[in-house]
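Q: Hi, could you walk me through this structure?
A: Gladly, let me put it up so that we can look together.

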Amino acid sequence: MTTIAELRTPHAPTWCPGCDDFLLLAGLQQALAASAIPTEKTVIVYDIGCAGNMADFVHTYAVHSLHGRSIAVAMGIKLFRPDLTVIVIGGDGGIYGEGLNHLVAAARANSDIKVFVSNNYLYSLTTGQTSPTTPKGAKTKSTPLGVTNEPLVASRFIPAINDQVWVQKVSAKNIAELNGEIKEALNHQGFALLDVDENCVSFGKQLR
Amino acid sequence: MEKVFTIKLAGPAGLGIKSGGQLLSQILIAHGFSVHDYNEYPSLVRGGHNTYQVTFTTGELFAPHHTVDLFFSITPGHWQQHLKEFTPNTLIAADEKVAAAPTTGHLESVPLKDMSIEVGTVIVTNTICVGLAAFLFHLDPEICHAQITQQFGKNAEMNIKAFDAGWVYAQKHLSAYLQSVNPPKGVANRKLVDGNEAYGWGFIQGGGNFYSAYPMTPATGALHFLAAKQQEYKLHVVHAEDEIGVASIASGAAFAGARAAVGTSGGGFALMNETISYCGVTEIGMVFYLVSRPGPATGLPTYTSQGDLLYAINSGHGEFPKIVLAPSSQLESFEFSALSLDLAAAYQLPVLVVSDKFLAESAVSLEDLSQKKVTPLSVEVVKEGDGHFKRYALTPTGVSPVALPGTKGAEFIANSYEHDEYGYSAEDSETTVAQLEKRHRKLDSAKPNLPKAVLHGSPKATKLIVCWGSVAGPVLEALRLLPAGHPYAALVVRTVWPIDPEIEALTKNYPEIITVENNQTAQLTTVLRSQINFHPTRVITKFDGRPFYPEELIKEFT
Ligand SMILES: Cc1ncc(C[n+]2csc(CCOP(=O)(O)OP(=O)(O)O)c2C)c(N)n1
Ligand code: SF4
Ligand SMILES: [Mg+2]
């Protein structure tokens with residue numbers, strides 16, 4: 001058994017106070033502590049973004065990869081070392097935008113990796129531009145005239161790629177449900193993606 | 001000096017030009033000849049103009065020759081664009097009834113198609129040509145039959161019939177063209193191997209276990225070869241969604257302990273650039289096998305070029321150490337493939353192996369690489385940690401301890417951000433400089449294990465040819481053919497990055513230095529000029545997608 005203390009690092013989170021990424025971090029640490037998976041058998045691959053910055057705050061084997069590439073890196077780890085539990089943490093920009101081709105590939109392969117998407121509908125680390133999930137019409141820094149594209153909805157398009165994979169959507173605000181879904185994702189055999197509906201307290205105002 | 005012969009088959013794609021040429025080569029190797037093949041084909045699947053040439057001799061051989069002794073035009077008209085390759089003694093066997101005679105050489109109409117139909121199918125036209133050649137070069141029909149049986153399995157009988165038909169036809173109609181050659185005696189257990197297969201064998205013998213790629217000529221041969229061997233040698237071979245995925249997946253496997261490589265050509269290599277940089281900072285060791293073809297962009301997909309050297313050396317944004325090896329023969333493609341895996345693992349950095357179409361897709365006679373064992377460098381990994389593992393410890397050699405996932409107490413982050421000794425992100429100037437300098441030290445530490453430049457020729461030489469990669473073959477062949485007492489030596493640079501400062505001492509005493517490169521802008525020349533005192537008196541380049549031929553270099557040198 002791993003304790004939550006053992007999963008901590010010397011570094012305190014650097015997110016804005018009130019950021020929903022805190023909730024995702026807490027849920028993940030709880031789920032890992034409650035699971036039978038030892039820290040040395042866990043590899044978390046982080047994307048680049050606010051969500052990916054979680055890398056410094058969880059004590060397991062980890063790769064802080066490149067923007068968009070976390071899923072592909074995770075697939076490589078899992079292919080070579082099926083004994084490891086391989087987790088991906090990324091934002092809507094990295095997972096559904098820059099790295100979409102890898103998401104499609106992982107879903108097609110039903111790669112046994114667990115992907116947690118901090119979906120805040122924005123590119124937040126880069127200070128709040130539109131992402132693939134931004135609602136139509138929303139004005140952001142890169143789309144001051146309003147977004148004209150249809151948003152991507154993971155729970156709709158991923159099952160169309162492969163209906164064998166596990167995809168769920170959950171609100172970070174509903175903590176009990178969030179923690180339950182994280183555990184379920186970790187327990188699923190095969191590809192699992194949990195889309196965590198989050199609010200970016202610093203740049204999310206644009207969306208309302 | 002032993003005479004060198006060349007037989008060339010030409011015709012449309014789909015008629016077995018390549019497999020006919022390969023059969024001929026295998027037969028020649030079985031007789032004990034040294035063989036160096038070269039093929040040209042357009043980027044299409046049917047039709048067009050394809051050639052496969054087999055250059056062979058009883059002695060040593062470094063490159064295919066330009067001059068052809070026996071030419072087969074399998075369907076009408078395929079000889080016209082080869083007039084410059086013919087001598088007054090060249091026999092052009094062409095399947096055309098009324099043919100305009102070439103200005104040099106003897107054209108003989110040979111009813112190849114009719115003969116093949118008589119045997120059973122046009123597909124055996126190539127084997128008929130082999131039979132014809134076998135008679136003219138005094139080959140042993142038993143050895144030929146044995147090779148055909150080995151090659152064709154259940155189609156052997158028909159191909160033996162085809163071979164015999166060619167043989168009998170030559171005996172009846174072409175004996176005026178019998179060549180004077182004595183096939184060497186003795187056992188020959190060499191094999192016909194191209195650069196891609198040699199690379200693949202090097203990967204296997206060097207303990208490689210994870211290869212990913214996206215098809216791109218002329219690197220695809222390595223993917224096909226390793227994919228076919230994956231079960232026998234327990235390899236992971238992954239054809240991923242794109243080259244970004246290819247490189248990222250391999251980097252994940254390498255992080256998890258694989259000896260990993262990716263293969264591609266220039267376009268795919270462009271997509272892998274961010275991974276090269278990422279391997280640099282995360283210190284994930286993996287190999288990039290870059291098989292060049294002429295760019296820019298889609299370029300000439302099936303031709304050759306050394307045009308990516310500077311791009312390879314400068315690949316990946318930011319400043320980080322990398323090693324770039326350039327095999328100068330098919331055998332070195334094998335050796336450097338194994339070595340690159342060692343270097344990547346030992347020094348935890350990206351290692352590039354730069355080849356090109358000429359080297360990767362030309363087959364030669366080589367010892368059986370499936371039996372050639374190599375001793376890998378031993379690389380230590382941490383067995384246990386105390387929960388505070390310094391994956392990026394500042395060490396005098398720059399090489400830090402490695403742990404693989406699964407090791408208790410050695411958890412760490414492989415971090416693409418600049419980081420401290422544990423892997424945690426860091427932005428302060430001290431840590432930044434310390435880590436950059438640590439990583440850079442690895443190049444000095446690696447130096448004793450990097451292939452040195454090799455000097456060929458007499459110490460009395462006054463003119464030095466400097467070359468790298470596939471150009472070494474034609475250069476060495478030209479030196480071999482030059483009259484005794486010629487003033488030339490050749491230096492083959494095999495580690496193209498980092499540049500060994502000793503090259504300065506090796507080159508500085510020659511009154512004349514000539515660099516020879518298969519690119520437009522003399523890229524190695526540029527690199528050497530930037531790194532050492534190096535002042536070539538002449539630069540020879542070629543950038544039409546074709547390799548140098550020894551004959552054209554001899555003209556340049558005399
Ligand atoms: C190749 C590349 N392009 C762009 C960036 C800049 N960049 C960093 S994070 C980011 C977007 C992050 O958005 P998201 O993935 O949704 O994560 P969030 O910050 O919202 O959690 C971008 C574009 C980068 N690091 N790399
Ligand atoms: S910018 Fe937004 S997503 Fe990033 S840490 Fe702050 S609140 Fe969270
Ligand atoms: Mg986001």
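Q: Which protein donors does the magnesium ion (ligand 3) have?
A: Keeping in mind that this is a predicted model, the protein donors of the magnesium ion (ligand 3) are A:D92 through OD, A:N120 through OD1 and A:L122 through O, lying 2.1 Å from it.

Q: What spacing do the donors follow along the chain?
A: Along the chain, the donors of this magnesium ion follow the spacing D-x27-N-x1-L. The pair A:D92 and A:N120 links distant parts of the chain, 28 residues apart, with A:D92 in helix α3 (residues 92-98) of chain A and A:N120 in the loop between β4 (114-119) and β5 (122-123) of chain A.

Q: And are A:D92 and A:N120 buried or exposed?
A: A:D92 is buried, and A:N120 is buried as well.

Q: Okay, new topic: how much space lies in the largest pocket?
A: The largest pocket holds about 1,200 Å³ of space, and its lining is made up of 44 residues. Nearest its centre lie B:K18, B:Q22, B:L192, B:D194 and B:E197.

Q: Which helix or strand gives the most to that lining?
A: That is α1(B), which contributes seven residues to the lining of the largest pocket. Several elements of chain B each supply at least two residues, including β1 (4-13), α1 (17-31), α6 (195-205) and α7 (220-229).

Q: Which domains does the lining draw on, then?
A: The lining takes at least three residues from each of domain 1 (5-188) and domain 2 (193-371) of chain B.

Q: How many of the lining residues are nonpolar, polar or charged?
A: The lining divides into 16 nonpolar, 18 polar and 10 charged residues.

Notes: Residues are numbered from 1 along each chain as its sequence is written. Chains are lettered from A and ligands numbered from 1 in the order in which they are written. This is a predicted model: local features need pLDDT of at least 70, side-chain atom pairs count only at pLDDT 80 or more; totals for chains, interfaces and linings use all residues. Side-chain values use heavy atoms; hydrogens and water are left out. On a 1 Å grid over the protein atoms alone, a cavity is a set of points where a 1.4 Å probe fits but cannot get out, and a pocket is an open set with protein on both sides within 12 Å along at least five of seven lines; lining residues have an atom within 4 Å of a point. Grid points are joined across faces, edges and corners, and a volume is the space filled by probe spheres set on the points. Helices (H or I, at least four residues) and strands (E, at least two) are DSSP runs, numbered from the N terminus. Ala, Val, Leu, Ile, Met, Phe, Trp, Tyr, Cys and Pro count as nonpolar, Asp, Glu, Lys and Arg as charged, and the others, Gly among them, as polar. Domain bounds come from an automatic or database domain assignment. Donors are N, O and S atoms within 2.8 Å of the metal (3.2 Å for Na, K and Ca); water is not among the atoms, so sites may look incomplete. Buried means under 20% relative accessible area, exposed over 50%, partly exposed in between (1.4 Å probe, protein chains only).
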